[in-house]
Each structure stands twice: as C-alpha cells, then as structure tokens.
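These are my notebook entries on one chain. I wrote down what I looked up, entry by entry.

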Amino acid sequence: MELENLAEYFLEKTEFLKKCLLLRNMDSSSMGVIQSIQEHIVQLKNLLVKMREEVDYIQKNLKNYEELQKKLQELDQRLDYCNQNIPQALVHQLSSLTRLEMEKVKDQSPKEAVGVKPKKKPILKVPNIYHVTPDEFTGVPKYMKGRLNCETVNRVIDGLNKALLAKYALLQTPRNQLEKGALKKYKDYKTQENKETQGLWFCIQEDLANYSNIQWDNVTRSAITILRHCGRIKEIRSPGGLVRFTVISHSPLNS
C-alpha cells in the first residue's frame, strides 16, 4: 500500500472515531431522537417489504393478462379465418333454407295472417336434395364432367326430387285410402327396402322415368356419378341388379 493511500485510510478512520466520540457524549434527549429514527427506519423497511410483495403480485398478474391477451388475439384471428372461409355448400344450404321459409310465408292464407288457425293438414316428410353449386362443380374431375355443365346436373337433381316426392307421398298415405293400382305400387316400394336402406330415402331408375322427364342415358349416368362424387347420393345395389339412389345431403324435414 502506498503512503498516500495509507494516509487517506488513517484519515477516514480518524474521522469515524471523532463521530463515535461525539455520539458517546450526547445527552439522553439526543439518544431518544436516535432511537426514534431507528424505529422509523424499521417501519420503512417493513413498508418496503410490503411494496416489493405488491410489485411482485402486479408483475405476476400482468404476465397472466399478457397471456390472456395473446390467446384472445389468436381466437380473434381464428374467427376471422372461419368467417372468410365459410364453405360455399353451407352458404348455399342456408340460402336455400331462407328461400323455403319465405315461400312458406307467401303461401299463408288470409286466415293464417289474421291469426285464425286453419284446419291441420298432414305434414309430408320428404327430403329435398340440394343443388350442386358452381364452386363444387368446378372441383369435379374433368373425366367425370366431360361436356356436362352444372345446370344439367341440377336438372337431374330436380328429377330425383320429383321422384322422391311422388314415392314418399304414396308411402305416407294410409293404406286404406289407396286404390288398387296405388296399393300395388306401395307394396312394390316396400319390397325394395332392406337392412341397408333402413332410415334412408331412395328411389330407383324406374321412378325417374315415371315421375320426371329425365331419360336414362349417358348424360344421366354421368350426372349420377357427379352427384355421388359431390356427396349428394350414394348407390345401394342388390344381387338382383336393383340400384337404389339413396339421399345423403338434403334439406331438413318438416316436423
């Protein structure tokens, strides 16, 4: 240690000893002041500890709030994505339902409009196959479409809907109200049912010919293939060669 540093060191110690001597010679009143200051220092230390605990608590909650805000932002982004990417088929179905409800309102009689309940009619429960949308048709492989267009495919759907309506209108008629020819047709329909068709709606090629203007040709066959691809119908075949065009995607039934 150099002499200058050593001198500075002893000077600091000397000043410290002088302060100690001053404190030693203080009277009792001065000692009371010092004791009071010490108590205030202890209180300040305790207050500082509490403030640190409060700061820690706030920091912890702030972190939780930041995580919650991040999750809300992610949820908001997902909702925006879902809103911008609603399937066109679903949009078409919702618009079809809206049109059906508007048609029901238009068909109300004046008595219904003023609140007079009309005589109840039997509710016909028949499925209605949705049309293929232009976006869906665009996604159909070219080898399936050939020269077909979306309008032609939807005309075949209209023919299927007519056949289904005629068939199930007959099946939902009480048997004692059917004439001989209709009763035979009723029995034929029942023989076409099996375990695979239980709870399903279907028609066959003969129904298309009898109840619609759809001819069974290459165009109709191609349209049926496209409807199977688009998830509108499926085929249930029997060993005898009977092919049932079974409905998959359809409007809700009236209840």
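I began with a term: a residue is buried under 20% relative accessible area, exposed over 50%, and partly exposed in between, with a 1.4 Å probe and protein chains only. I noted that this is a predicted model, where local features need pLDDT of at least 70, side-chain atom pairs count only at pLDDT 80 or more, and totals for chains, interfaces and linings use all residues. Residues are numbered from 1 along each chain as its sequence is written, and side-chain values use heavy atoms, with hydrogens and water left out.

Entry 1, the whole chain.
I looked up the elements and found 10 helices and three strands. Helices (H or I, at least four residues) and strands (E, at least two) are DSSP runs, numbered from the N terminus. I wrote their order from the N terminus as α-α-α-α-α-α-α-α-β-α-α-β-β. The chain has 255 residues, and buried ones make up 24% of them.

I then looked at the pair S2 (residues 233-237) and S3 (residues 243-247), which run antiparallel and are joined by five bridges. Two strands count as paired if DSSP finds at least two bridges between them. Arg 237 has Val 243 as its bridge partner in S3, and Glu 235 has Phe 245. The hairpin of S2 and S3 has five residues between the strands, and there Gly 241 takes a positive phi near 100 degrees.

Thr 246 lies in strand S3. Is Thr 246 buried or exposed? Thr 246 is buried, because its relative accessible area is 1%. Leaving aside neighbours within four places in sequence, I found Thr 246 in contact with several residues, including Leu 200, Trp 201, Phe 202 and Ile 236.

Val 140 sits in the loop between helix H5 (134-138) and helix H6 (142-145). Val 140 also counts as buried, at 2% relative accessibility. Beyond the neighbours within four places, Val 140 is in contact with Lys 145, Ile 226, His 229 and Cys 230. The C-alpha atoms of Val 140 and Leu 227 are separated by 9.8 Å, while the two residues are 87 apart along the chain.

How many salt bridges does a search of the whole structure find? The search finds six, each being a side-chain nitrogen of Lys or Arg within 4 Å of a carboxyl oxygen of Asp or Glu.

Asp 188 bridges to Lys 184, with the closest N and O atoms 3.4 Å apart. These two are four residues apart in helix H8 (residues 180-191), so about one helical turn separates them. Asp 188 is partly exposed at 29% relative accessibility, whereas Lys 184 is exposed at 53%.

Lys 190 and Glu 193 form a salt bridge as well, with 3.9 Å between the closest N and O atoms. I noted Lys 190 as partly exposed at 39% and Glu 193 as partly exposed at 35%.

Glu 235, seen already in the bridge to Phe 245, forms a salt bridge with Arg 228, the closest N and O atoms being 3.8 Å apart. Through salt bridges that share partners, Arg 228, Glu 235 and Arg 237 are joined into one network.

How values were computed:
Contact means heavy atoms within 4.5 Å.
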